Amino acid sequence: MNAALHLVATLALCTVVAGPLAGARWVWRAPRTGILLWQMLGLTWVMSVVGLLLALGLAPYDAPIPVALGRWVADAVRGDVTPLAVLVVLGLLSALDLLIGLLWTWWSVLRVRRRHRDVLALVARRDDAAPGALVLDHPHVVAYCVPSARSVVVLSSGALTALTKDQLDAVLGHEHAHGRERHDLVLLPFSALCAVLPKVRLVRSVAQAVALLVEMRADESASLRHGAVPLAAALRRFSAVRPPEGALGAVALGAADIAVEARLDRLAGLPPLPPVLRWSVLVAGLVLVSTPASFLVF
């Protein structure tokens, strides 16, 4: 029961913190730290839910969860189970559901990207004005990254026409940052969580907050190399066109006005978070995630 109380408290803390954190501006000042914090919070939340169900269901064994689970399995094989076995089964099914959701989301995205790359091989072209990118002949101003082990950056001919050389370099830097840092893998577990819990608004808010931080991180990388001013100017020129499914784009949140305005605000000079605060946040996240992990592992 001690484990259950700790897991309830951890779960409640994660749930209470998630809402305000999803709307917090201070994480914009350190997007990489914010992404790590969300990953730790998400992992803590999942482990706490699964761990709580297991802890309640295995309470009669009065032993650590791994030990009690082994005894429960032995009893279940003999047909000797209590009504609390429902909670154990529910906990195991919840973990399995999340794992299947993650794998299914990953597989679905891989299929979409494979088809997209096949289409690009037929219709896209190289252009000396956009080194390292493929160009699609279309008047809309669009840029996006199709991430993979060999990520592909795609620009429209409209973007080549509308952007200056500095702006184009900044946009390419942004898209290459998505591919280099594999931001698709950052977003994947949150997309899977949305697929498993599609009607939970808090989960959708968290996924949107992480997606915004991913864009800000790519902005940060591009602005360090090419400057914030050309990148901000390029963002203003992008039309409200959603990147293809499975891609990460310069306006990857479906050109949501609020998200773009937030990115422009940050590029305008939002000061970075002091190192001591960044480290404090990361330590707090590690302490949080270690709580359910300690009960599930030891």
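In strand β4 (residues 152-156), V154 is the bridge partner of L134. β4 runs parallel to β2, and four bridges join the two strands. Strands here are DSSP E runs of at least two residues, helices are H or I runs of at least four, and both are numbered from the N terminus. Two strands pair if DSSP finds at least two bridges between them.

This is a predicted model, in which local features need pLDDT of at least 70 and side-chain atom pairs count only at pLDDT 80 or more, while totals for chains, interfaces and linings use all residues. Residues are numbered from 1 along each chain as its sequence is written, and side-chain values use heavy atoms, with hydrogens and water left out.

β1 (residues 125-126) and β2 (residues 133-136) pair in the antiparallel sense over two bridges. They form a hairpin with six residues between them. G132, in the turn, has a positive phi of about 80°.

Two helix pairs follow. Axes are lines fitted to C-alpha atoms over the stretch in contact, and angles run from 0 to 180 degrees between N-to-C directions.

| Helix pair | Angle | Axis distance |
|---|---|---|
| α2 (residues 31-57) and α4 (residues 85-123) | about 160° | 7 Å |
| α1 and α11 (residues 275-297) | about 150° | 10 Å |

α2 is roughly antiparallel to α4, a term for angles over 145 degrees. Their crossing is left-handed, meaning that the near helix is turned anticlockwise from the far one by less than a right angle. Contact (heavy atoms within 4.5 Å) involves V46, V50 and L53 of α2, among others, and residues of α4 including L87, V88 and L98. By class, this contact has eleven nonpolar, three polar and no charged residues. Nonpolar covers Ala, Val, Leu, Ile, Met, Phe, Trp, Tyr, Cys and Pro; charged covers Asp, Glu, Lys and Arg; the others, Gly among them, are polar.

α1 and α11 are also roughly antiparallel to each other. α1 passes α11 in a left-handed crossing. A3, H6, L7, T10, L13 and C14 of α1 meet L288, T291, P292 and F295 of α11. These residues divide into seven nonpolar, three polar and no charged.

L7 belongs to α1 (residues 2-22). L7 is buried, at a relative accessible area of 0%; buried means under 20%, with a 1.4 Å probe and protein chains only. Beyond its neighbours within four places in sequence, L7 contacts S48, G51, L52, A55, P292 and F295. L7 and T291 lie 284 residues apart in sequence but 7.6 Å apart in space, C-alpha to C-alpha.

Terms used: Angles under 35 degrees count as roughly parallel, over 145 as roughly antiparallel, 65 to 115 as roughly perpendicular and the rest as oblique. Buried means under 20% relative accessible area, exposed over 50%, partly exposed in between (1.4 Å probe, protein chains only).
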